[in-house]
Amino acid sequence: MADIGNTQAYEIRPALPADFIALLKPRVMSLVVFTALVGMLAAPGSVDPVLGVISIFAIALGAGAAGALNMWYDADIDAKMSRTAKRPIPAKRLYAKDALAFGMFLSLVSVMMLAASASYFAAGFLAFTIFFYVVIYSMGLKRRTPQNIVIGGAAGAFPPMIGWAVATGGVDMNAFILFAIIMLWTPPHFWALALYKRSDYAIAGIPMMPVVKGAKSTRVQIFIYAILLAITVSLPVFTGLGGVVYAIVATISGAMFLLLSYRVLSSRAGDDPGDAKADLYAVKKGDKAARNLFAFSIIFLFVIFAALLVEHGFGGYVSLPFAVFQGAL
Amino acid sequence: MSEGIRLTKEQEKARNLRSWAIAFGLFAFVAIVFTVTVYRKMQELGIDAVS
């Protein structure tokens with residue numbers, strides 16, 4: 001046994017590297033990496049492959065840093081919700097102050113790294129995204145307004161714009177469309193979850209839409225956002241960002257999203273607060289429509305961006321027939 | 001004899017793992033900064049990095 005010569009006692013189980021990795025929210029990080037990569041590849045011009053990989057890595061680190069800072073700030077409410085109670089801080093595997101230091105350090109490193117590999121604009125955008133997620137969303141909106149994830153959704157929607165900025169040094173209309181797709185996708189995605197995990201959010205005191213405005217109002221708003229989303233995902237076809245593969249994928253998945261949202265609208269999902277301890281995908285009979293929409297929404301975002309990745313990342317020839325068609329119009 | 005905390009086996013193992021993770025992170029950071037610097041310089045000098 002080692003003698004470390006200090007008097008600070010361990011109050012919790014000693015932290016492992018895996019606990020710090022859990023702070024980075026790896027699943028959210030993978031989505032950020034994916035959408036940022038699509039933004040970078042879909043942008044006009046070319047990126048040096050090595051600098052591109054390093055830039056995506058820097059964006060991933062920045063997303064992880066934001067996740068760590070979010071877990072530091074939200075440790076109290078995470079402990080109250082079944083979905084988040086096993087995170088490192090509420091599960092007493094890490095001190096909150098360690099998560100804060102880790103998050104701040106990674107924020108600095110990621111922004112500096114992106115400044116070196118891409119541009120000051122892209123780095124500034126990443127810094128703003130971390131600030132927006134931690135300060136505007138986590139500290140400001142999340143506990144105060146049912147519009148928390150509507151406005152806060154911007155933080156999750158910025159990564160493809162950052163990827164775009166890595167490739168071009170700025171942003172344009174197509175970058176804004178990618179941003180708008182994620183921004184409009186966020187409310188129906190989280191509200192579908194909140195409909196059948198309503199009591200979980202209520203226990204933690206988070207004013208999610210179903211908790212504040214009720215299930216019926218939430219179902220209506222989900223459907224309205226689904227309509228706006230279905231329109232927005234079609235825009236890349238008209239701006240030339242999306243080709244024939246994208247057009248087919250966007251039409252089918254957009255219609256599916258609308259259909260599932262309509263089923264939520266015509267269901268009684270969320271009317272019964274439900275069991276806070278239930279598994280993420282475990283659901284009562286009346287809430288199945290909401291669970292189905294939540295599950296499909298994850299697939300939806302993936303296939304929409306995957307279609308762009310196929311067209312821009314694996315050869316422009318995939319889009320060629322449609323580009324000819326668009327040129328003929 | 002100093003008065004300190006004696007680490008348990010579990011604590012000692014966790015500390016070693018953390019030390020390795022920090023060492024790896026520092027090495028990766030230095031490697032990335034070096035790579036970026038070299039690539040940037042090559043771009044400035046008009047040297048094609050891929051060929």
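**Helix packing within chain A and against chain B**

In this predicted model, the axes of helix 5 (residues 96-117) of chain A and helix 1 (residues 9-44) of chain B come within 9 Å and cross at roughly 20°. An angle under 35 degrees counts as roughly parallel, so helix 5 of chain A and helix 1 of chain B run roughly parallel to each other. Their crossing is left-handed. On the chain A side, the contact is built from A:Val109, A:Met113, A:Ala116 and A:Ser117 of helix 5. Helix 1 of chain B answers with B:Phe29, B:Ile32, B:Val33 and B:Val36. Sorted by class, the residues of this contact between helix 5 of chain A and helix 1 of chain B come out as seven nonpolar, one polar and no charged.

How far can the prediction be trusted? For the complex, the predictor reports an ipTM of 0.78 and a pTM of 0.86. Chain B has a mean pLDDT of 85, with 88% of its residues at 70 or more. For chain A the mean pLDDT is 89, and 88% of its residues reach 70 or more. One stretch of chain A calls for caution: residues 1-10 have pLDDT below 50, although the model gives this stretch 19 contacts beyond near neighbours in sequence. Where pLDDT is low, predicted coordinates should not be read in detail.

Chain A itself splits into domain 1 (15-171) and domain 2 (172-329). Taken over C-alpha atoms, the centres of these two domains of chain A are 21 Å apart. The contact between them draws 28 residues from domain 1 of chain A and 30 residues from domain 2 of chain A. On the domain 1 side, helix 2 (26-42), helix 7 (148-157) and helix 8 (159-168) of chain A each put in at least two residues. That side of domain 1 of chain A, where it touches domain 2 of chain A, has 16 nonpolar, seven polar and five charged residues.

Helix 8 turns up again in a helix pair of chain A. Helix 8 of chain A packs with helix 9 (residues 173-196) of chain A at an angle of about 160°, their axes 8 Å apart. Angles over 145 degrees count as roughly antiparallel, so that label applies to helix 8 and helix 9 of chain A. The crossing of helix 8 and helix 9 of chain A is right-handed. A:Pro160, A:Met161 and A:Trp164 of helix 8 make the contact with A:Ala175, A:Leu178 and A:Phe179 of helix 9. This contact of helix 8 with helix 9 of chain A has six nonpolar residues, no polar and no charged ones.

Another pair in chain A is formed by helix 12 (residues 215-239) and helix 13 (residues 244-265), whose axes come within 9 Å and cross at roughly 175°. Helix 12 and helix 13 of chain A are therefore roughly antiparallel to each other. By class, the contact of helix 12 with helix 13 of chain A has 18 nonpolar, three polar and one charged residues.

Methods: Residues are numbered from 1 along each chain as its sequence is written. Chains are lettered from A and ligands numbered from 1 in the order in which they are written. This is a predicted model: local features need pLDDT of at least 70, side-chain atom pairs count only at pLDDT 80 or more; totals for chains, interfaces and linings use all residues. Axes are lines fitted to C-alpha atoms, for helices over the stretch in contact, and angles run from 0 to 180 degrees between N-to-C directions. Helices (H or I, at least four residues) and strands (E, at least two) are DSSP runs, numbered from the N terminus. Angles under 35 degrees count as roughly parallel, over 145 as roughly antiparallel, 65 to 115 as roughly perpendicular and the rest as oblique. A crossing is left-handed if the near helix is turned anticlockwise from the far one by less than a right angle, and right-handed if clockwise. Two residues are in contact if their C-beta atoms, placed from the backbone, lie within 7 Å. Ala, Val, Leu, Ile, Met, Phe, Trp, Tyr, Cys and Pro count as nonpolar, Asp, Glu, Lys and Arg as charged, and the others, Gly among them, as polar. pLDDT is the predictor's confidence in each residue, from 0 to 100. Domain bounds come from an automatic or database domain assignment.
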